[in-house]
Amino acid sequence: MDNHLFLQRRERLMALKSRREGKSPQVRAVAGKCPGCGAAIPKAELAKNLYVCPECGRHHPIGAYLRLSLILDPNSFRELDERLAAPNALNFPGYDDKLKALRRATGLTEGAVSARGRIDGRECVACVLDSRFFMGSMGSALGEKVTRAVEHAQKYKLPLIIFSASGGARMQEGILSLMQMAKTSAALERFSRAGGFYISVFTHPTTGGVTASFASLGDITLAEPGALIGFAGPRVIEQTIGEKLPDGFQRSEYLEEHGFVDAIVPRGELRAALARLLMLHERGNRRG
Amino acid sequence: MADRTAEQRVALARRAGRPGTADYIAHLFTDFFECRGDRLCREDPSILGGVALYYGRPVTVLGHRKGKSLEENLTCNFGMPGPEGYRKAQRLMKQAEKFRRPVITFIDTPGAYPGLEAEARGQGEAIASTLALMSALTVPAVAVVTGEGGSGGALALGVANAVLMLENAVYSVLSPEGFASILWKDSARSGEAAELMKLTAADLLELGVVDAVIPEPEEGAHTAPEAVYAAVDQALAAHLTPLLKIRDCAGHRYQKFRAMGALAASGREGL
């Protein structure tokens, strides 16, 4: 009974946080004018459509708690490492203040939320990057959070799902940010060799060090439609090669065509796709 | 060690005539046999690798290659590998493991190449899977940052049990120019950025990112290369020898990188 009350409290907390995400300036901006087709969609309708434009199908970025509430079974959410926060290890001027301001504005402590929960009754660890926090950039706290999610999944022999959305490295943490690529990739390699199952889901946009580390190491790799996915950003490439990039370059569909994505899954079908993949990879389903 | 600003070290690290991977291979090793190609698509000369003897022991040696002349620079794409370079590196690392050879890498790149074809063939995936593979190698690995350690393209050859760095080499999350342009929209402020970024060997030693700094001649490595080869040789041998006795090289390496920015120890966890 006590346990049940706790679960309900956690659920209310997640619902509260995801509702708050629905009121964020980012959501207001895309509701006013879709960056894909320019349509003005009433906020309530956009929310009902999971923040996918009903006119052009553009998948707008969503917050981590909202994402978790869309995929996890009711009353199964339990947040992991929720108080993990970034240190200003390089004493970078202004970094502490910027972190404080972002924490107030988003209600997040870092650019990722990790949780343990169930999808169609199957237990898993889910880690979601949130682009509202420093563009989901990977500093040491984000790298540590991802690594701990991997280690948690390995310890309890659970499947792991990571939703990526990131501008790359966190500039303010310099080289320590770069080292998170090695740390997260090493943790995933261990997890993989121990037989762990990892689904990586690319969402818009995922570039830089996150693409070049944990996001590209899934046993199964999914992407939301139209997401920008790449190592170098399109502007840097245009400057380097001195020409305009073709339409659709570095989008989910381009990556699928080039062999880097198993499937592109619209947001509304993601929960069912994940449930099926968890079922197919369940250890008890192995023969012999 | 010489007293220099970070900006001056960036200039020295990039200086033409600074010894590169091909020089270290020629002077520190014998019987080098170059292995070419990724067996998937093409040969990427911006990563040079093969098998050689180091004090009579077979080793796999790999590094970024910038080239010596303009013609070579162009062939080697100024040391900026594409996915094929990293996939070749993976192929060589797997062979090192198969034949129980230590892996020695030399890092000197502005970064992985940001080009259209590189993206089309999965630059991100190539770097990610190299990081994962190198992290779990069961043979010892030593990396030496000899010039520019630029971003993920450098780190892909840097997940080693011991990471050494030349006094005037630099190692950073991206170039000071890129850093200044992202933070202040002004790439001309790269000198200022270089100071803030903590990219010098001394800074990185303090941060625990590198294990040892190899001293250079007073005016930089290019002024007396022979002395530099001797210093690198000495440091390499000193760090490789104890690693040859370690049973769990992969575990040793994992703990080293696991500790990078591990927050529990810093006392900063919890707001």
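Q: What makes the span of helix H11 (residues 225-243) of chain B close to the expected one?
A: In this predicted model, H11 of chain B has 19 residues and reaches 27 Å from its first C-alpha to its last. The expected span at 1.5 Å a residue is 27 Å.

Q: Which residues of H11(B) are buried?
A: Among them are Val228(B), Tyr229(B), Ala231(B), Val232(B), Asp233(B) and Ala235(B). Leu236(B), Leu240(B) and Leu243(B) are buried too. Buried means under 20% relative accessible area.

Q: Which cluster do ring pairs build with Tyr229(B)?
A: Ring pairs link Tyr229(B) with Tyr24(B), Phe29(B), Tyr54(B), Tyr55(B) and Phe106(B).

Q: How many aromatic pairs are there over all chains?
A: The count is 10.

Q: Why is the pair Phe133(A) and Phe134(A) called edge-to-face?
A: The ring centres of Phe133(A) and Phe134(A) are 6.2 Å apart, and the planes stand at 65 degrees. Pairing needs centres within 6.5 Å, and edge-to-face needs over 60 degrees. Therefore the pair is edge-to-face. Phe133(A) and Phe134(A) are both buried.

Q: What makes Phe78(B) partly exposed?
A: Its relative accessibility is 36%. Buried is under 20% and exposed over 50%, so a value in between is partly exposed. Phe78(B) lies in the loop between helix H3 (70-75) and helix H4 (83-98) of chain B. With Leu70(B) and Leu74(B), Phe78(B) forms a nonpolar surface patch of about 320 Å² accessible area together.

Q: Where does the charged end of Arg190(A) sit?
A: The charged end is over the ring of Tyr254(B), 3.9 Å from its centre. The distance cut-off is within 6 Å. Arg189(B) lies over the face of Trp184(B), at 4.2 Å from the ring centre.

Conventions
Residues numbered from 1 in each chain as written. Chains lettered and ligands numbered in written order. Predicted model: local features only at pLDDT ≥ 70, side-chain atom pairs only at ≥ 80, totals over all residues. Heavy atoms only, no water. Phe/Tyr/Trp six-rings, centres within 6.5 Å; stacked < 30°, edge-to-face > 60°. Buried < 20%, exposed > 50% of the residue type's maximum accessible area, 1.4 Å probe, protein only. Lys NZ or Arg CZ within 6 Å of the ring centre and 35° of its normal. Patch = residues over 30% accessible without salt bridge, like charges linked within 9 Å, V, L, I, M, F, W, Y side chains within 5 Å. Areas by Shrake-Rupley, 256 points an atom, 1.4 Å probe, with all protein chains shown as cover. Salt bridge = Lys/Arg side-chain N within 4 Å of Asp/Glu carboxyl O. Helix = DSSP H or I, 4+ residues; strand = E, 2+ residues; numbered from the N terminus. Expected span 1.5 Å × (residues − 1).
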